[in-house]
Amino acid sequence: MSNQVQNQQVPTYFDLTADGVGFMNRPRVVQGKRGSEYFSCTIQALHGDADEKSRFDVRIVGGKAKELFAKLLEEFPDLLSNDYKRRPTVFVGFRVGDLRPVVFETNSKNDRNESVKVNTPSIDGRLLKFKFIKVNRQYWYTEKDDAQAQSSEAHTEDATA
């Protein structure tokens, strides 16, 4: 028995993922260091029962997620507006991987209106997929829509074969 346990290979890579829901902020197209562009955003993920939030700063890497993000920016160009009041509200269900905690400094004002540095915790990660996307409280995308579309395509292919 002990020989069997010793002969089993231990994985060399472990994946850490998280699923959640939250508000998408700061959608952007980033110019990478190696010259290529990529999509990125911040998600204020909701958790707990007291309106608690955790900040995720993510790079969009999933194939379908990239397609959806590009379509979203195309259909709602105000998402990239510098005037945050013009931006539509986007609420998403998501899956992220390669999670890493980070802390960065931001400037803030204290109660005497003095500028102070504040440590802000965040979680960096890679957005693997969107489970749903709501824009201004209306469903814009759901995984169910994808599943139904794939099912109807399969039925169409079967009928023509």
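Is Phe-132 buried or exposed, and with what relative accessible area? I looked it up: Phe-132 is buried, with a relative accessible area of 17%. Buried means under 20% relative accessible area, exposed over 50%, partly exposed in between (1.4 Å probe, protein chains only).

I note that this is a predicted model, where local features need pLDDT of at least 70, side-chain atom pairs count only at pLDDT 80 or more, and totals for chains, interfaces and linings use all residues. Residues are numbered from 1 along each chain as its sequence is written, and side-chain values use heavy atoms, without hydrogens and water.

Next, helix α2, residues 63–75. Helices (H or I, at least four residues) and strands (E, at least two) are DSSP runs, numbered from the N terminus. I found Ala-65, Leu-68, Phe-69, Leu-72 and Leu-73 buried in α2. They cover an arc of only 135° around the axis (taken from the directions from the axis to the C-beta atoms), which puts them on the same side of α2. On the other side, Gly-63 and Glu-74 are exposed.

Then the rings. I count 6 aromatic pairs. Rings of Phe, Tyr and Trp (its six-membered ring) pair if their centres lie within 6.5 Å; planes under 30 degrees apart count as stacked, over 60 as edge-to-face and the rest as tilted. Phe-39 and Phe-69 have ring centres 5.0 Å apart and planes at 50°, so this pair is tilted. Phe-39 sits in strand β2 and Phe-69 in helix α2, so the pair ties together parts 30 residues apart in sequence. Phe-132 and Tyr-139 pair edge-to-face, at 6.0 Å centre to centre and 70° between the planes. Tyr-139 is exposed, at 55% relative accessible area.

Notes
The expected span of a helix is 1.5 Å times one less than its number of residues.
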